[in-house]
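Have the viewer open while you read.

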Amino acid sequence: AALGRNIDGMLGYDFIRRFVVEVDYEERVIKIYNAATYRYRGRGQSLPITTQNGQPHVRLKVTLPGRKPFEGKFIVDGGAGGTTLEFASPFVQTHKLLDTIQLLDTASLAAIGGRVNISYGRGKNIQLGRFLLENPIMGFSQTKRGSQARRNIAGLIGAKLLRRFTVIYDDKRRRIIFEPNQSFAQPE
């Protein structure tokens, strides 16, 4: 109820990592494949993943207005429905990300671990391999606890970014594959 919707259950990464799981956001379909026999034949962008604390992480390149591009390690969190990309509060502070961003809004939001305080601003782009998302709205956490206060990550990418793709989780081969769909080029 705190999230504003009914949740019957969660399909966590402890399950996902045992298979190859294709999440087709456009068709609202999840397909599960045998990891041992799966062969990818598409034209998507494959990025290496690491797993920490039972969560997949991917490195992305991000550009904010008035700054050079930089890389960071982001949790891939399909359950973060209202999120494109959110920076963790220690990363925000260490890299002084709020110094060059024009804020659009600040909110206190309900999350699984409690309430989080996040400011929002428009970034220049997010690069996922050869794919570039232009002018995304990004979150800048100021929370003091929970996953968005962790020092070992830059932040998380959520469903507002993921829904622009069919996302294929292939933990056996230590990769995640992004195939753009019709939503890819739509402005945020």
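Predicted model: local features only at pLDDT ≥ 70, side-chain atom pairs only at ≥ 80, totals over all residues.

Residues are numbered from 1 along each chain as its sequence is written, and side-chain values use heavy atoms, with hydrogens and water left out.

**Strands around S4**

Helices (H or I, at least four residues) and strands (E, at least two) are DSSP runs, numbered from the N terminus. Two strands count as paired if DSSP finds at least two bridges between them.

| Pair | Strand ranges | Bridges |
|---|---|---|
| S3 and S4 | residues 45-52 and residues 55-63 | four |
| S4 and S5 | S5: residues 70-76 | six |
| S4 and S9 | S9: residues 125-128 | three |

Which residue in S4 is the bridge partner of Thr 50? That is His 57, and His 57 in turn has Ile 75 as its bridge partner in S5. On the S9 side, Lys 61 stands opposite Gln 127.

The hairpin of S3 and S4 has two residues between the strands, and Asn 53 takes a positive phi near 50° there. The hairpin of S4 and S5 has six residues between its strands, with Gly 66 in the turn at a positive phi of about 75°.

**Other positive phi values**

As background, most residues other than glycine have a negative phi. Look for Lys 96 in the loop between helix H2 (89-94) and strand S7 (103-111). Arg 174 also has a positive phi, near 55°, and is found in the loop between strand S13 (165-170) and strand S14 (175-180). For exposure, buried means under 20% relative accessible area, exposed over 50%, and partly exposed in between (1.4 Å probe, protein chains only). Arg 174 counts as partly exposed at 33%.

**Charged pairs**

Side chains of opposite charge can pair when their charged atoms come close. Here a salt bridge is a side-chain nitrogen of Lys or Arg within 4 Å of a carboxyl oxygen of Asp or Glu, and the count comes to five.

One of them links Asp 171 to Arg 17, with the closest N and O atoms 3.4 Å apart. Asp 171 sits in the loop between S13 and S14 and Arg 17 in the loop between helix H1 (13-16) and S1, so this pair ties together parts that are 154 residues apart in sequence. Asp 171 is buried at 7% relative accessibility, whereas Arg 17 is partly exposed at 35%.

Asp 170 takes part in salt bridges with two arginines. With Arg 173 the closest N and O atoms are 3.0 Å apart, and with Arg 175 they are 2.8 Å apart. Asp 170 is buried at 0% relative accessibility, and Arg 175 is buried too, at 17%. Salt bridges that share partners also join Arg 17, Asp 171 and Arg 174 into one network. Back at Arg 173, the relative accessibility is 28%, which counts as partly exposed.

**A buried glutamate without a salt bridge**

Does Glu 22 end up buried or exposed? Glu 22, in strand S1 (residues 20-24), is buried yet has no salt bridge. The nearest side chain of opposite charge (Lys and Arg count as positive, Asp and Glu as negative, and His and the chain ends are not counted) is Lys 31, 4.0 Å away. Leaving aside neighbours within four places in sequence, the contacts of Glu 22 (heavy atoms within 4.5 Å) include Val 29, Ile 30, Tyr 33 and Ile 168.

**Gln 142**

Gln 142 is found in the loop between strand S11 (137-141) and strand S12 (155-157) and is partly exposed, at 27% relative accessible area. Gln 142 and Arg 130 are 12 residues apart in sequence and 31 Å apart in space, C-alpha to C-alpha. Beyond neighbours within four places in sequence, Gln 142 is in contact with residues including Ser 89, Leu 98 and Asn 117.
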